[in-house]
Amino acid sequence: MAAPKGNKYAVGNSGRPSGYTTEIADKICEGLANRRSLVRICDNPDMPGVSTVYQWLRENKEFQDNYARAREDQADTYFEEVIEISDDGRNDWMMRADKANPGYELNGEHIQRSRLRVEARKWAASKLKPKKYGERLEASLSGPDGGAIKHEIVMTVVDPKTPAKATRT
């Protein structure tokens with residue numbers, strides 16, 4: 001059964017909210033800023049579906065602005081997590097189960113997982129906030145051996161009274 005017109009919590013056939021409200025929009029933006037994905041946020045049955053959120057983004061300028069800021073905040077959170085993950089060495093070593101050869105051994109799986117987590121966050125931050133976290137590409141122009149570019153202007157004065165010589169090439 002469809003919600004009555006004017007109900008700010010109007011729902012579609014799936015029982016999810018479909019009508020825009022600032023309360024739901026703020027929850028979405030808060031979740032994004034706290035590094036949750038839009039898909040995960042929208043998995044909650046009290047939240048609209050992803051396609052509904054995209055529709056709201058097309059139709060609501062204020063939500064677009066808040067969403068963009070939340071994504072920028074998400075990039076900053078990812079950056080902070082890169083430092084935390086990189087500094088956390090708690091599981092880098094593990095006790096050997098071999099009683100004949102006791103001691104510690106490197107936990108390569110944990111280290112690889114940490115590296116993947118760092119790289120994924122660096123990539124996401126660079127896409128969400130490229131001016132701050134993206135790679136900077138520099139292009140420069142220079143002359144021979146890195147020196148200045150030489151500009152030369154050549155002017156040829158032609159006497160209009162003198163007939164031009166035919167030249168063959």
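A residue counts as buried under 20% relative accessible area, as exposed over 50%, and as partly exposed in between (1.4 Å probe, protein chains only). The structure is a predicted model, in which local features need pLDDT of at least 70, side-chain atom pairs count only at pLDDT 80 or more, and totals for chains, interfaces and linings use all residues. Residues are numbered from 1 along each chain as its sequence is written, and side-chain values use heavy atoms, with hydrogens and water left out.

The subject here is salt bridges, each defined as a side-chain nitrogen of Lys or Arg within 4 Å of a carboxyl oxygen of Asp or Glu. The structure contains 9 of them.

One of these joins Asp76 to Lys132, with an N to O distance of 3.6 Å. The two residues lie in distant parts of the chain, 56 residues apart: Asp76 belongs to helix α4 (residues 61–87) and Lys132 to helix α6 (residues 130–133). Helices here are DSSP runs (H or I, at least four residues), numbered from the N terminus. Asp76 has 21% relative accessibility and so counts as partly exposed. Lys132 is also partly exposed, at 46%.

Another salt bridge pairs Arg90 with Asp88, whose closest N and O atoms are 2.7 Å apart. Arg90 is exposed because its relative accessibility is 69%, while Asp88, at 27%, is partly exposed.

Glu152 and Lys150 form a further salt bridge, at 3.8 Å from N to O. Glu152 is exposed, with a relative accessible area of 58%, and Lys150 is exposed at 69%.
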